[in-house]
Amino acid sequence: MKRIAILTAGGDTPALNATLYGAVQRANELGIEVFGLVKGFDGMLSERLPHVRLNPLFTTIPELDPCIGGTIIGASRRYIDRDEKETLKAVSGRLERIVIEGLMCIGGDGTINGMQPLSDLFPCTLAPKTIDNDLGLNHIDEPNEWIRETDDDGEAEYRHTMSRDDVSLSEIVNYVTPGYATAVFVVAQSIDRIRTTAESHRRIAIIEVMGRDSGYIALGAAYGQPDMILIPEVDLDYPKIVERVRHLYDLQKSAVIVIGEGVRDADGQLGAKSRSVDPAGNVIFSGAAERLAEILSQELGDDYFQKNKRHESASSAIFTRKLGHTQRGGRPILFDRFYAAQLGGKALELLISERNNHLSTLKWNENAGFTLGELSANQLRDRWGIIHAREVHPSLYDENRFQPSKLGRDYLEPIFTRAIGHEDLEVLHDTLFSPGNLVTRHQSVNVAMQKRIQYLD
Ligand code: F6P
């Protein structure tokens, strides 16, 4: 291959530019031209096909900096429907006009679904990304554990019937996805900051973190030493939770509880789940922390807080914080930068060796540490063709202590022990309070990139 295209799709992560960088650097070594397609599949659907040369004369453009979060070529949650044959043909025709021989996508499960119909027309590969760390499998046979049922309205529902009590860490397919480490870095620091208010004002903090139906970000939050972690994979047991909160509050006059945004109880999702406007069919989670605060207020009651003169009411003692998009943005920490770039380079290699519809993966074992691997995207699909979000395996979580289990801690350590580089701290030291920040306004990379965008005639 002499020229390939690359796109970033789905929600942004701090490591997208690093993945792009790894792919482009590898392409430079191999003498391949890389065109970035602007705004993911959205750009492809535009008749003008906005695109950018990422390595003119096999030199990476200076705007592509692996230390800067987000993606310089833009992303969207728009995808191409496999049934829209005419659109697919039109897209393929447009790419042919700029002599693109293959496509590398950077994304998650939605991106694989968007890429799959295109892979019938030309070679496509994927480099994984998602802060949710839910693109992968706890073990290779996991897709076969899903069963399909029909609800009262005739809608298909999928249920995971776990066949195994534990997993070995070396079996995990795609051990960790770029973006996850930086998200946990933000979460752990936030817990540390919120805790001081909880302690000083004798309050109970409920901190809601992202991750949709997967509790990996909440699990990693353990580094911030919250008192309790509640993950979506384990139904909330209110009597047990209330007992633990009382114990903690009696002991330390405060408590910090981290919850994954998708937490549920026996009746279903705690917060509201609404369809987002994005065509990927993703849902937006909202309100889980507020709902849990209401439940805890009722269960603990005002008297409990009044009796020791700690607070006037349960509702004044309990507060919620949703960390939101801070988890998805900013400079990626060393772990993410390094492995995102490796996975980008590997996905490019897969593309030029025509490993069509494959993705690059990260494996881990005790002897070799992290190594790169590959997987056919179809191996992520159940027998009905669905890619399910990877869940935190029950063996990684101790539901009695509301903390990672021993295996959970063993899972986290290889990712995080040396995840922060010295330079990550030096950059903070040198740049955050630079007097120049007060003089010069933020220079948006979008302005610089706009000057590089080209269109079909
Ligand atoms: O999938 C990544 C993610 O950040 C989820 O954790 C979160 O629920 C969702 O995206 C938020 O999406 P948006 O940025 O579209 O609101």
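Strand S8 (residues 204-209) pairs with S15 in the parallel sense, over 5 bridges. Helices here are DSSP runs of H or I with at least four residues, strands are runs of E with at least two, and both are numbered from the N terminus. Two strands pair if DSSP finds at least two bridges between them. In this pairing, Ile 206 has Thr 320 of S15 as its bridge partner.

The model is a predicted one: local features need pLDDT of at least 70, side-chain atom pairs count only at pLDDT 80 or more, and totals for chains, interfaces and linings use all residues. Residues are numbered from 1 along each chain as its sequence is written.

S8 and S15 belong to an open sheet of 4 strands, whose order is S9-S10-S8-S15 and whose pairing is parallel. Its edge strands, each pairing on one side only, are S9 (228-230) and S15 (318-322). From one strand to the next the twist averages 20°; axes are lines fitted to C-alpha atoms, for helices over the stretch in contact, and angles run from 0 to 180 degrees between N-to-C directions.

Two helices pack on this sheet. Helix H7 (residues 238-252) touches S8, S9 and strand S10 (255-260), and its direction makes about 145° with that of S10. Helix H8 (residues 288-306) touches S8, S10 and S15, and its direction makes about 170° with that of S15. Contact between two residues means that their C-beta atoms, placed from the backbone, lie within 7 Å.

H7 and H8 also pack against each other, at an angle of about 70° and with their axes 11 Å apart. H7 is therefore roughly perpendicular to H8; angles under 35 degrees count as roughly parallel, over 145 as roughly antiparallel, 65 to 115 as roughly perpendicular and the rest as oblique. On the H7 side, Tyr 238, Val 242 and Val 245 meet Ile 295, Leu 296, Glu 299 and Leu 300 of H8. The residues of this contact divide into 6 nonpolar, no polar and 1 charged. In these classes Ala, Val, Leu, Ile, Met, Phe, Trp, Tyr, Cys and Pro count as nonpolar, Asp, Glu, Lys and Arg as charged, and the others, Gly among them, as polar.

Another open sheet has 7 strands in the order S3-S2-S1-S4-S5-S16-S17, and its pairing is mixed. Strand S3 (51-53) and S17 stand at its edges with a single partner strand each, so one side of each is left without a neighbour in the sheet. Neighbouring strands of this sheet are turned by 30° against each other on average, direction ignored.

Some of its pairings can be followed in turn. Strand S4 (residues 103-107) and S5 pair in the parallel sense over 5 bridges, and Cys 105 stands opposite Leu 126 in S5. Strand S5 (residues 124-128) runs parallel to strand S16 (residues 358-365), with 2 bridges joining them; here Thr 125 has His 358 of S16 as its bridge partner. Between S16 and strand S17 (residues 369-376) the pairing is antiparallel, over 8 bridges. Thr 361 stands opposite Gly 373 in S17, and a hairpin joins S16 to S17 through 3 residues.

The chain is divided into domain 1 (3-138 + 332-388 + 421-450) and domain 2 (181-327), with bounds that come from an automatic or database domain assignment. The C-alpha centres of domain 1 and domain 2 lie 33 Å apart. Across their contact, 14 residues of domain 1 meet 15 residues of domain 2. The side of domain 1 that touches domain 2 has 7 nonpolar, 2 polar and 5 charged residues.

Each of domain 1 and domain 2 gives at least three residues to the shell around the ligand. Among the residues around the ligand are Gly 11, Thr 130, Asp 132, Met 210, Arg 212, Glu 261, Phe 285 and Arg 328; a residue counts as near a molecule or strand if its C-beta atom, placed from the backbone, lies within 6 Å of it. By class, this shell has 4 nonpolar, 3 polar and 4 charged residues.
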